[in-house]
Amino acid sequence: MVFKLSILDQSPIRHNETAFEAFQNTIKLAKKAEELGYDRFWVSEHHHSDELGGSAPEILISYLLAETKSIRIGSGGVMLQHYSPYKVAEQFNVLASLSPGRVDLGVGKGPGGLPLSTRALQIDRLTASEEFFEKLLDLKSFIQNDLPSEHKLFGLHATPIPPEQPEIFLLGASVESAELAAKLGISYVFAQFINSDENVLAESARTFHSRKLGESKFIVALSIVVGQTDEEAEELVTDYTNIKVKLASGKRVTVKTIEQAEQFISELNEEYTIEIKEAHVIKGSKETVRSKLLQLKEELQLDEIIVVTPVEKFEKKLQSYILLKEAFEKIPAE
């Protein structure tokens, strides 16, 4: 394999479908990903959503670990702004103790939902929130069981201590996040399926590669759809847009529907602008997609690609992942 291929699944709840059915599809997909030889399978965190089931990735991860045998399972990602780094470290150390060598801890900076759910998640917070950098640094220290002596909680351990630590990733869509990951020696996943600005992606890659520490990796999360032909792939992708709400304060959020944008705006009292863009999807036959991904690998020095497949019918989504793996079967590793 010329680079690693992994999957991010958001447990979409289709029209007239229950959350139970959505999770059954996630379980089927994880098992198939393991069978096909995908490197890792991640699940996302979204709150107050009727369309996406995964509000508690740490619980879903535990179930998926029990249902699979070898594939790495992880979060894409835990929205750390809502939680205690110590508690997150405890949760993932338990998972890594149950399934040593198979647990990934992907961490996101965003809220994973709209302001109302954010307030609910943070309702018990009595003091001003820690800076994200401080939280991420604490989380890394707890996971590595290496809290600095000058830290106010020095001597505290996030138990149990697993035989192999969960691997930490920072998820983001900006140059600033790439720089932060490089500074901390953490692998970085650029969510290109959320931010399709090619200039930001290229600058993030340059920044990370020029400043990274150790064996940390630069990874891109992409929307990819593979069909038997270019025409079939084109037909599978319908109505896939990103809607960006930009607030006067500088805060931004990306949603999928105008209704979600309107709900976000209604929960705030601030001036805003809305930008609607067709989401970037790499689509086509096996040959077409392989060519595009190999080009992207060279341009960005990619170590791995994490795939999101925005296809409504589960059977067609499954077929897309099968065809994508077939597209690279005969290419030797470098």
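Which residue stands opposite Trp42 in strand 2? Leu8 does, and that pair is a handy way into this predicted model.

**Strand 2 and its partners**

- Strand 1 and strand 2 run parallel, with 3 bridges pairing them.
- Arg40 is the residue to look for here, as it stands opposite Arg72 in strand 3.
- Strand 2, helix 2 and strand 3 together form a β-α-β unit, and it's right-handed.
- Which way do the side chains of strand 2 point? Arg40 and Trp42 go one way, while Phe41 and Val43 go the other.
- Whichever way they point, Arg40, Phe41, Trp42 and Val43 are all buried.

**Helix 1**

- Does the length of helix 1 agree or disagree with what its residue count predicts? Helix 1 covers residues 19-36, so its 18 residues at 1.5 Å a residue should span 26 Å; the end C-alpha atoms sit 25 Å apart, which agrees.
- Its buried residues are Ala22, Asn25, Thr26, Ile27, Leu29, Ala30 and Ala33.
- What covers them? The cover includes strand 1 (4-9) and strand 2 (40-43), along with helix 2 (57-67) and helix 11 (314-327).

**Helix 3 against helix 5**

- Helix 3 (residues 85-98) and helix 5 (residues 132-143) have axes that come within 9 Å and cross at roughly 35 degrees.
- The crossing of helix 3 past helix 5 is right-handed.
- On the helix 3 side, the contact involves Pro85, Tyr86, Val88, Ala89 and Asn93.
- Facing them from helix 5 are Lys135, Asp138, Leu139, Phe142 and Ile143.

**Strand 5 and its neighbours**

- Strand 5 (residues 167-172) is mostly covered, with 5 of its 6 residues buried.
- With strand 4 (residues 103-108), strand 5 makes a parallel pair over 5 bridges.
- If you want to find that pairing on screen, Gly106 stands opposite Phe169 in strand 5.
- Strand 5 also runs parallel to strand 6 (residues 187-191), and 4 bridges join the two.
- In this second pairing, Leu171 stands opposite Val189 in strand 6.
- The chain gets from strand 5 to strand 6 by way of helix 6 (residues 175-184), in a right-handed β-α-β crossover.

**Thr207**

- Thr207 belongs to helix 7, which covers residues 198-211.
- Is Thr207 buried or exposed? Its relative accessibility is 7%, so Thr207 counts as buried, the cut-off being under 20%.
- Leaving aside residues up to four places away in sequence, Thr207 touches Val175 and Glu179.
- Glu176 is 31 residues from Thr207 in sequence, yet the C-alpha atoms of the two are 8.9 Å apart in space.

Terms used
Residues are numbered from 1 along each chain as its sequence is written. This is a predicted model: local features need pLDDT of at least 70, side-chain atom pairs count only at pLDDT 80 or more; totals for chains, interfaces and linings use all residues. Side-chain values use heavy atoms; hydrogens and water are left out. Buried means under 20% relative accessible area, exposed over 50%, partly exposed in between (1.4 Å probe, protein chains only). Contact means heavy atoms within 4.5 Å. The expected span of a helix is 1.5 Å times one less than its number of residues. Two strands pair if DSSP finds at least two bridges between them. A crossover is right-handed if, with the strands pointing away from the viewer, the path from the first strand over the helix to the second runs clockwise. Axes are lines fitted to C-alpha atoms, for helices over the stretch in contact, and angles run from 0 to 180 degrees between N-to-C directions. A crossing is left-handed if the near helix is turned anticlockwise from the far one by less than a right angle, and right-handed if clockwise.
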